[in-house]
Amino acid sequence: MSEVWKITKFFTKPYSNIPPIQHNGRIYNSPEEKATVFAEVLENSFNPHGDLYDRQIHDQITQDITTYLLNVDLNNNYAPQIRPANVHEVKWQVRHLPNKKAPGSRLKY
């Protein structure tokens with residue numbers, strides 16, 4: 001029965017054709033031409049701005065990150081000290097999770 005429904009749906013469903021695209025005074029009809037036009041437009045729209053790149057700022061950020069990473073000791077003095085949780089704390093947290101709720105942040109934005 002499901003095969004009959006699939007065939008009926010195929011023939012009764014309206015066919016939606018993407019209309020032609022006009023770009024730079026030319027009309028593109030085929031799916032390949034449309035895809036090429038979209039690719040070119042997106043490529044030109046999302047190119048990084050080469051004039052915004054500042055080598056001096058890049059070098060300063062690289063130096064700051066390197067200095068930070070070299071100065072972090074094994075005790076993680078830069079990070080807040082967090083003690084490990086024990087088994088009883090984990091079990092308590094799991095038991096007190098809300099039922100029928102998705103995991104994730106409970107914060108409202």
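Helices (H or I, at least four residues) and strands (E, at least two) are DSSP runs, numbered from the N terminus.

This is a predicted model, in which local features need pLDDT of at least 70 and side-chain atom pairs count only at pLDDT 80 or more, while totals for chains, interfaces and linings use all residues. Residues are numbered from 1 along each chain as its sequence is written, and side-chain values use heavy atoms, with hydrogens and water left out.

View 1. From the N terminus, the order of elements is α-β-β-α-α-α. The accessible surface is about 11,200 Å² (Shrake-Rupley method, 1.4 Å probe; for residues, only the protein chains shown count as cover). Carbon and sulfur atoms hold 60% of that surface. Of the 109 residues, 4% are buried (under 20% relative accessible area; exposed is over 50%, partly exposed in between; 1.4 Å probe, protein chains only).

**View 2. A nonpolar patch involves Ile 61 of helix α3.** Helix α3 covers residues 55–71. Patch residues have over 30% relative accessible area and no salt bridge; nonpolar side chains (Val, Leu, Ile, Met, Phe, Trp, Tyr) are joined within 5 Å, like charges within 9 Å. Ile 61 counts as partly exposed because its relative accessibility is 46%.

**View 3. Arg 55 and Asp 59 form a salt bridge.** A salt bridge places a side-chain nitrogen of Lys or Arg within 4 Å of a carboxyl oxygen of Asp or Glu. Here the N to O distance is 3.4 Å. The two residues lie four apart in helix α3, so about one helical turn separates Arg 55 from Asp 59. Both ends are partly exposed: Arg 55 at 48% relative accessibility, Asp 59 at 37%.

**View 4. Arg 26 pairs with Glu 33 in a salt bridge.** The closest N and O atoms are 3.8 Å apart. Arg 26 is partly exposed, with a relative accessible area of 45%. Glu 33 is also partly exposed, at 29%. A search of the whole structure finds two salt bridges. Side chains of opposite charge can pair when their charged atoms come close.

**View 5. Pro 31 lies in helix α2.** This helix spans residues 31–45. Pro 31 counts as exposed because its relative accessibility is 60%. Its C-alpha atom is separated from that of Ile 18 by 8.6 Å. Along the chain, Pro 31 and Ile 18 are 13 residues apart.
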